[in-house]
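Work through the exercises below with the sequence and structure at hand. Each task is followed by its solution in steps.

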Amino acid sequence: MLSKTSKDKFERLSYAAVSMAGLFFIWWGVTALGWVSPFVLPPPWEVLDALDRISRGYMGGNLWVHFSASMSVVLSGYVLAVIVGVPLGMAMAFLPVVNRLFGPLIMILRPVPPPAWIPLAILWFGIGLSGKVFVVFVAAVVPCLLNAYLGVMETPRKMLDVARMLGASRWTVFREVVVPSALPILLTGMRIALGNAWATLVAAELVVSTAGFGFLIINGYHTFEDSIMAAAMFPIALIGAAMNIGFLILEKRLVPWRRETTE
Amino acid sequence: MLNGATDNSASVARFTVWQGWKRAVGASTTWLSLVFWVAVWFAVVVSLKIDQSLMPTPVKVVEQIAWLWSNQVGAGGLMVHILASLQRFIGGFVLAAFTGTMLGLWMGYSRRADMAINPVFELIRYIPPIAWAPFSILWFGASYGAQIFVIFISALPPILMNAHKAARGIKPGLINAALMMGASPTTILREVALPASLPFLFGGLRLGVATGWMALIAAELVASDGSRSGLGYLVLIGQQTLRPETTIAAMIVIGLFGAAFDIGLQLLQRRIIRW
Amino acid sequence: MSNSISYREVSKQFTGQAGVIPALDKFSFEIEEREFIVIVGPSGCGKSTLLSITAGLISPSAGTITVGDQLVEGPGPDRAVVFQDFSLFPWKTVEENISFGLRINKVPAEERRRLMAGSIDLIGLKGFEQYYPNQLSGGMQQRVAIARAFVLRPKVLLMDEPFASLDAMMRTLMQEELVRIWSEDKPTVLFITHSVEEALYLADRIVVMTRRPGRIKEVVNVGKICGDEGHWRHGSLNDAMANPAFRELQNRVWNSVKEEIESR
């Protein structure tokens with residue numbers, strides 16, 4: 001979807017700008033003219049005001065408080081998922097016993113959508129943070145595990161032969177052949193896992209929470225403050241985008257030898 | 001089920017759950033392993049004397065599934081809930097499939113359409129679909145429509161992106177060959193572009209099914225339409241009435257359907273794409 | 001003595017879905033040290049299998065192979081392999097690819113650097129040390145693969161159709177390059193190819209194999225035919241091909257192989 005010449009870039013940018021501006025004007029116009037009730041579509045100025053209110057302190061915290069509430073849960077669950085999922089996935093690729101033991105379990109659990117775990121988590125952990133961390137963990141662990149497994153399994157046989165031919169020990173083969181070869185697939189899985197984690201966190205916060213961006217949405221809904229609801233959507237989208245793009249940049253740095261993109 | 005492989009549909013096709021399932025179901029170790037885990041579940045619950053309102057035994061879950069089949073919870077028996085969920089899912093998914101494919105293909109062909117629509121799409125794409133749920137209730141009321149919207153918004157991105165990739169990825173050589181033979185634009189679309197795009201489209205559909213199914217459950221949890229029906233409703237009511245066996249029973253059914261959709265699509269793909 | 005290869009009744013069968021496939025049948029042959037042996041034969045005659053067994057990447061169903069006086073039991077840098085698809089590590093630079101073997105065989109850093117620099121010079125890729133394989137052309141990649149094998153000073157060099165994926169001009173260049181590089185140290189070479197000209201140009205002796213299961217059909221002593229003038233590989237390929245003895249041998253070998261391909 002990208003073009004190289006600056007003329008192309010300019011064209012793209014201008015189309016994008018016109019598009020966005022158009023949408024914005026429609027939004028503004030429709031609400032300013034009163035064609036749509038502010039309950040249905042909060043006007044831009046109200047949303048701005050809401051953002052301002054939140055940043056000054058709303059429902060027990062300002063932007064930073066809600067941000068760290070959401071992020072801390074996501075990061076905890078995610079890190080846990082990586083620590084458990086990646087080694088386990090690799091182990092499953094190397095040791096058939098582990099594969100036979102955990103494989104069927106994962107195949108059974110995988111089709112159950114992470115949000116379905118939320119009520120169970122509430123039952124087990126109460127309405128506090130640990131329940132949400134658990135659900136985020138469930139959401140993130142499968143892509144990490146699966147892609148770790150795939151990454152190792154797809155190591156080209158030839159590469160292994162070459163390393164053996166050169167006289168490498170098993171540990172060296174793992175470190176210098178299997179890991180670099182698996183890295184692109186693994187990183188993609190970890191990126192998807194992060195996206196899953198974020199989406200599931202928002203879902204969990206919509207169900208039960210006392211802070212965080214999902215909380216802001218659901219709270220705004222209950223107090224009939226549409227502008228707060230809308231305002232909260234922005235940071236949610238921004239964080240999701242930032243995480244995705246940040247990860248892509250990370251991938252580019254860690255895997256500089258790949259010419260193709262994975263998106 | 002959002003998970004696994006890459007969001008590049010070619011890789012999704014590579015790691016086919018069907019092949020995994022076929023091989024696994026045949027292998028006796030799979031069954032042994034599952035029996036093992038169920039036994040562990042049973043042993044843990046019994047030996048640690050876990051409160052039945054916290055974690056039921058597997059036996060209880062199976063009993064509950066049977067019970068749910070012929071008895072009522074909320075709006076009806078298990079079948080009623082299944083049908084309600086399916087109704088919502090199919091509504092939202094079909095809409096997403098149609099819109100996503102059309103839009104995606106169009107954006108693939110027309111650079112202008114791509115440049116105009118893509119920025120908006122990228123903006124919306126990063127909002128987790130469930131975040132739209134409260135708004136959709138505002139717009140559509142607590143109704144069928146609200147839930148369809150959430151499923152639609154959730155299934156749309158993968159379908160659209162893959163359709164776009166599909167349209168972009170068609171080798172110009174193929175189109176040129178058709179033009180040289182004197183084919184009209186509609187013929188090219190139908191006989192060259194569409195078949196060439198199919199593998200990608202299927203990949204997108206499979207991803208869309210996964211995200212859509214996930215969104216359905218989330219929508220039933222968060223944006224109930226008041227009808228007290230649906231598999232998500234069962235999951236929730238189990239927790240609220242301290243009967244986790246209902247919750248787990250519902251989760252199992254949800255998982256089964258999710259897997260069935262994916263396998264179904266793969267089989268369909270094999271049928272239609274024979275090359 | 002130390003670089004000679006001895007094949008004693010080497011056999012190999014593969015069991016697949018179609019049943020048991022015999023690849024090699026009691027292959028026995030003696031290669032003297034520093035000899036350049038080229039194997040030609042129809043597809044499926046077991047040449048690649050033979051090479052893999054010599055490399056120690058697969059084990060024979062029967063028979064033994066000794067290099068020098070050591071039994072071949074597994075892979076190792078003393079029998080370096082150059083593959084048709086180069087098989088460079090895509091995540092390592094040219095430099096890292098070449099020095100990898102040295103590093104894992106515990107060659108000290110100083111000497112590694114020296115050997116590596118020498119290698120780069122030898123293959124003529126100075127300035128490309130930090131490039132990744134996917135930034136190089138086929139010919140350049142294959143040179144790196146050769147350097148990677150050579151830098152370990154192997155006793156035996158095994159090459160499985162190494163130039164088959166290069167275009168015709170590059171191929172000729174590489175053949176001449178290989179001779180130059182090989183002349184530096186002269187390991188024993190086992191080279192597989194489908195090209196009769198390539199075989200004639202490079203080989204001391206050519207082994208023609210039968211169809212599957214592979215046995216030795218005939219051995220052509222190219223070195224002897226070159227006679228006192230010295231092997232024609234030290235000149236250009238074109239000069240060699242102009243030689244009437246070359247063309248005669250070409251017919252002979254080609255007909256021999258053709259027989260195998262056409263026999264049913």
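**Exercise 1.** State how far apart the centres of domain 1 of chain B and domain 2 of chain B lie, and describe the side of domain 1 that touches domain 2.

Solution. Taken over C-alpha atoms, the centres of the two domains of chain B are separated by 29 Å. The domain bounds, from an automatic or database domain assignment, are 17–50 for domain 1 and 54–272 for domain 2 of chain B. The model is predicted: local features need pLDDT of at least 70 and side-chain atom pairs count only at pLDDT 80 or more, while totals for chains, interfaces and linings use all residues. Residues are numbered from 1 along each chain as its sequence is written, and chains are lettered from A and ligands numbered from 1 in the order in which they are written.

Next, count contacts, where two residues are in contact if their C-beta atoms, placed from the backbone, lie within 7 Å. Nine residues of domain 1 of chain B contact eight residues of domain 2 of chain B. On the domain 1 side, α2 (17–26) and α3 (28–47) of chain B each supply at least two residues; helices are DSSP runs of H or I, at least four residues, numbered from the N terminus. The most comes from α3(B), with five residues.

Last, sort by class: Ala, Val, Leu, Ile, Met, Phe, Trp, Tyr, Cys and Pro are nonpolar, Asp, Glu, Lys and Arg charged, and the others, Gly among them, polar. This side of domain 1 of chain B has nine nonpolar, no polar and no charged residues.

**Exercise 2.** Characterise the packing of α5 (residues 78–109) of chain B against α11(B).

Solution. The axes, lines fitted to C-alpha atoms over the stretch in contact, are 7 Å apart and meet at an angle of about 125°, on a scale from 0 to 180 degrees between N-to-C directions. Therefore α5(B) is oblique to α11(B), the class left after under 35 degrees (roughly parallel), over 145 (roughly antiparallel) and 65 to 115 (roughly perpendicular). The contact joins His81(B), Ile82(B) and Ser85(B) of α5(B) to Leu231(B), Gly232(B), Tyr233(B) and Leu234(B) of α11(B). By class it has four nonpolar, three polar and no charged residues.

**Exercise 3.** Describe the side of chain B that touches chain A.

Solution. In this interface, 50 residues of chain B contact 56 residues of chain A. Elements giving two or more residues to the chain B side include α10 (185–222) and α12 (244–272) of chain B. The most comes from α12(B), with seven residues. By class, the chain B side has 35 nonpolar, 14 polar and one charged residues.
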